[in-house]
Amino acid sequence: MSEITVIWSMVAAACLTLAGVYLPVWLRNRAAWPSFFFSVLAVATATAAFGELWMMRAQTPDEFAAALRWQHLYIWFVIVSLVGFVYTFFTPGRLWLAWSVVVLRTLSLVLNFSTGQNLNFSVVTAVQRMPFLGEPVSTAIGIPNPWMAVGSLSAILLVIFVADAAIRAWRRGNRGAALRVGGMSMFFALAGIVQVMLVVWGGLQMPITISMFSLGVLVAMGHELSRDVVRASELVAELRESEQRMTLAAEVANLGIWVRDLPRDEFWASPRLRELFGFDAAEPVDLERLLLKVHTDDREAVRQVLAQAMAGDGDYETEFRAVLPDGTLRWIATRGRVDFDTNNRAVRTRGACGDITPRRQAEDEMLRLRQEIAHAGRVSVMGQLSSALAHEINQPLGAILRNAEAATLLLQVIPPDLDEVRAIVDDIISDDQRAGAVIDRMRALLRRQDIVMVPLAVDELVGDVAALVRPDAAARQVRMDVEIADDVPRVLGDRVHLQQVLLNLISNGMDSIDEARRNVRHIVVSAVRDGAQTVQITVSDSGAGIPNDRLEQVFGSFFTTKPAGMGMGLSISRSLIETHGGRLWAENRAGGGASLRFTLPVSSGISAT
């Protein structure tokens with residue numbers, strides 16, 4: 001076998017080997033377009049190498065012309081795949097310039113088959129034999145085709161396109177790839193153009209060897225892709241190490257991990273996750289089986305959280321109850337995210353689950369204890385108001401007694417004045433209702449109950465508390481005003497606990513007024529709308545105010561400025577308001593005194609009437 005045949009066959013074999021290496025990369029990852037175009041370029045170069053062997057072995061002018069005509073088809077694939085590789089590898093590039101190269105090269109291919117014997121020669125008049133690498137090869141003698149200028153122009157545009165893409169990559173900081181791929185591609189493309197032109201116009205006596213220049217481009221591209229492969233293997237190792245660290249961290253944190261591959265519908269669950277939900281080691285696990293373990297009252301909420309994550313930014317977090325096979329109830333906290341592909345389609349969901357049953361039990365116990373303390377606080381407040389409330393009840397009871405005595409005397413008169421008696425009976429009923437209302441309000445505040453959120457009219461809420469406190473305020477010579485704005489909507493809350501908060505704040509305000517010994521003794525309870533979703537209620541007094549360094553400290557547990565105080569009133573009040581989804585804070589008034597403000601959420605946007 002001749003040396004030329006061996007060399008060109010080796011070039012073709014090397015190119016086909018490279019194509020066999022990188023084409024599977026694209027088949028496994030369709031987003032790896034550089035690997036696809038590299039594989040096409042390698043196959044096209046191998047075919048061009050066999051075409052060059054055909055030309056060098058041609059015996060007649062017609063055979064040489066036919067071989068050269070088909071060679072342009074292989075060159076079309078070489079140039080188009082080179083454009084595709086550079087554009088996808090150096091993205092972004094100038095798309096219009098890339099299309100210009102492809103269109104001109106396609107036009108050259110059409111002219112190759114429609115004008116003359118091929119794009120280079122209108123007519124091949126003779127074939128001459130010349131020595132090359134120690135053996136005779138064929139070269140053509142003929143009339144150059146003027147349409148060859150279109151092919152040369154497409155090649156020049158190719159060089160410009162590659163140079164532009166390399167410069168852009170250089171400016172973005174990818175200088176190594178710009179030099180290796182861009183520089184080598186431009187060098188070998190220019191060398192190929194010059195060689196073809198010199199051979200056709202008779203300035204160079206040698207066969208056309210486009211495949212050798214294309215092989216140089218392949219070497220540069222293959223080197224750069226191999227760097228990516230090496231980096232990918234390093235990333236795999238790093239990922240494996242990261243997974244091991246994550247697994248160790250999950251075991252230390254006692255977390256269960258799950259991953260769901262959506263396109264393949266595959267579900268992976270860690271051993272700890274199986275244990276959390278009561279799955280056996282060999283039992284199959286998927287999302288539906290997992291959701292069946294969720295308490296029926298929480299299941300739909302968990303579905304909605306996952307659906308919202310897929311439709312939104314991908315992050316999710318929730319807590320729910322799981323029912324184990326033995327009937328045990330376990331609280332689970334989960335957090336995770338959804339991964340999306342380039343088309344914003346969900347491809348993977350993953351999450352971590354932990355057992356928070358002890359925490360929830362502690363929270364429930366803390367809530368129970370807080371309610372006990374709140375109840376004790378209400379009893380304490382009612383104790384402070386007991387003398388004033390007794391006076392408030394004695395007034396209607398005394399009136400009832402006097403009216404009953406008057407009715408008895410009127411009934412002894414013959415004939416009795418029944419109209420007067422009826423009026424007296426109406427007064428007795430009214431006084432009885434007034435006394436009953438005071439007692440009902442006291443019983444409601446003293447009742448031990450859980451927090452029940454219901455829509456409440458702010459004017460009724462504040463009015464009930466004002467009715468309870470006014471007797472004590474009158475005894476202390478404190479004027480109390482209630483100011484409710486007309487546009488205040490209903491709020492969502494527990495009536496008894498919110499009344500306790502108001503009682504605590506009003507009682508503290510009156511104590512502050514007593515300590516300050518001010519001539520102006522005034523408390524104002526006001527309510528205004530605070531944005532679209534909240535209502536702000538304020539209790540302002542004309543007392544001594546709060547030192548600025550203690551505006552936050554007064555809400556701490558067991559902190560008090562009163563000689564006989566427990567220091568729990570404001571702490572309990574803040575806890576109750578935060579439970580309602582609001583906040584409680586203190587401010588000093590410009591004219592003296594303090595304002596205690598708290599917010600409550602609006603209930604369904606329904607205005608109070």
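Which residue's side chain meets Arg 303 in a salt bridge? I looked it up: Glu 288 does, at 3.2 Å from N to O. I count a salt bridge when a side-chain nitrogen of Lys or Arg lies within 4 Å of a carboxyl oxygen of Asp or Glu.

**Ground rules.** I am working on a predicted model, where local features need pLDDT of at least 70 and side-chain atom pairs count only at pLDDT 80 or more, while totals for chains, interfaces and linings use all residues. Residues are numbered from 1 along each chain as its sequence is written, and side-chain values use heavy atoms, with hydrogens and water left out.

**Overall counts.** I find 16 helices and 14 strands in the protein. Both are DSSP runs numbered from the N terminus: helices are H or I with at least four residues, strands are E with at least two. The protein has 609 residues, and 45% of them count as buried. Buried means under 20% relative accessible area, exposed over 50%, and partly exposed in between (1.4 Å probe, protein chains only). I then took contacts, meaning heavy atoms within 4.5 Å. Among those between residues at least 6 apart in sequence, 66% join residues at least 24 apart.

**Back to Arg 303.** Arg 303 is partly exposed, at 32% relative accessibility. Glu 288 is partly exposed too, at 43%.

**Other salt bridges.** I searched the whole structure and got 20 salt bridges. Arg 348 and Asp 339 form one, at 3.6 Å from N to O. Is Asp 339 buried or exposed? Asp 339 is buried, with a relative accessible area of 18%. Arg 348 counts as partly exposed at 30%. Asp 514 is partly exposed, at 29% relative accessibility.

I turned to strands E1 (residues 121-132) and E2 (residues 135-144). They pair in the antiparallel sense over 10 bridges; pairing needs at least two DSSP bridges between the strands. Phe 132 stands opposite Glu 135 in E2. How many residues lie between E1 and E2 in the hairpin? I find two, and Leu 133 in the turn has a positive phi of about 55°.
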